Amino acid sequence: MKSSLLVSVVISLVIVASAANFNQDIDVTWGDGRGKILENGNLLTLTLDKFSGSGFQSKNQYLFGKIDMNIKLVPGNSAGTVTTYYLRSEGSTWDEIDFEFLGNLSGDPYIVHTNVYTQGKGDKEQQFYLWFDPTKDFHTYSLLWNPQRIIFSVDGTPIREFKNLESKGVAFPKSQPMRVYSSLWNADDWATRGGLVKTDWSQAPFTASYRTFKADACVWSSGKSSCSSTSPSQNSWLSQELDITSQQRLKWVQKNYMIYNYCTDTKRFAMGLPKECTAS
């Protein structure tokens, strides 16, 4: 009786999915062999050539979580290519939290493109340069998604925060479970300098590499979450916010490396900026 009670208590506690092996946690979903899981599940590569790109998705769906992925982006002349890493729900009114890495000519910086969609509507783009070369080594790109906020981070440094401002009439993704997706594909009609610079196929194949996928998250399965509302202390990220140091680092990034912010684009939003841009 005591043992069964203990088991039930343990099950009722927050269950955290901590992914460590691509074979266990990831499905390569397209690319006809261009996506490969190597080194006993510790390395994943996506390849793009003139005929196709490639992509993968997580086996699990999540409703809130902190997702980390170590990525080494396409080196050299990556103009025209886009490497994506994002959370997305299913259906025509989907929610989505986006990292997109827009390739560039050799020596020119990558552009990190971020966006948030709720109920199929996005238009919340912020773009950044990075303070390092993302093609030389693996770097950790993180998405923290909890009921209060979404935080985009690079190597632990926050670059963007999107707060839950439903009280101000701003939609926030909080009810649709999402999978982790990633892809490498050709987007030379828009990716580099608005499509002016095309993909140089003589440089193909292009390859992006992935290690150490980690999902501290609420797994959604059969209509239920693995997280218990009675045990929030087991998942500190569910209530995580930016402390003073992190706020300062965020301001540093946005001052020195942000190159586009929809919240300051008065030409695009001539009838008035979105509510979240003026709410705080």
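The legends below describe close-up views of a predicted model.

View 1. Asn-104 is listed by UniProt, in an unreviewed entry, under "glycosylation site". In the predicted model this residue lies in the loop that runs between strand S7 (96-102) and strand S8 (111-117). Its relative accessibility is 12%, and Asn-104 therefore counts as buried, the limit being under 20%. Setting aside residues up to four places away in sequence, Asn-104 touches Gly-76, Asn-77, Ser-78, Ala-79, Pro-109 and Thr-192.

**View 2. Glu-125 and its contact with Arg-268.** Glu-125 sits in the loop between S8 and strand S9 (126-128), and with a relative accessible area of 14% it is buried. A polar contact of 2.7 Å joins the side chain of Glu-125 to the side chain of Arg-268. When neighbours within four places in sequence are left aside, the residues in contact with Glu-125 include His-113, Thr-114, Asn-115 and Arg-160, as well as Tyr-260, Asn-261 and Tyr-262.

**View 3. Aromatic pairs, with Trp-252 and Tyr-257 as one of them.** The count of aromatic pairs in the model comes to 16. In the pair formed by Trp-252 and Tyr-257, the ring centres are 5.3 Å apart and the planes stand at 65 degrees, so the arrangement is edge-to-face. Trp-252 is partly exposed, its relative accessible area being 38%.

**View 4. An aromatic cluster.** Tyr-85, Phe-99, Phe-101, Tyr-141 and Phe-152 are linked into a cluster by ring pairs.

**View 5. Arg-88 over the ring of Trp-94.** Arg-88 lies over the face of Trp-94, at 4.2 Å from the ring centre.

Methods:
Residues are numbered from 1 along each chain as its sequence is written. This is a predicted model: local features need pLDDT of at least 70, side-chain atom pairs count only at pLDDT 80 or more; totals for chains, interfaces and linings use all residues. Side-chain values use heavy atoms; hydrogens and water are left out. UniProt positions are given in the numbering used here, feature names are shortened, and annotations may be inferred rather than shown by experiment. Helices (H or I, at least four residues) and strands (E, at least two) are DSSP runs, numbered from the N terminus. Buried means under 20% relative accessible area, exposed over 50%, partly exposed in between (1.4 Å probe, protein chains only). Contact means heavy atoms within 4.5 Å. Rings of Phe, Tyr and Trp (its six-membered ring) pair if their centres lie within 6.5 Å; planes under 30 degrees apart count as stacked, over 60 as edge-to-face and the rest as tilted. A charge sits over a ring if NZ of Lys or CZ of Arg is within 6 Å of the ring centre and within 35 degrees of the ring normal. A polar contact is a pair of N or O atoms within 3.5 Å; within protein, one must be able to donate a hydrogen and the other to accept it, and residues adjacent in sequence count only if both atoms are side-chain atoms.
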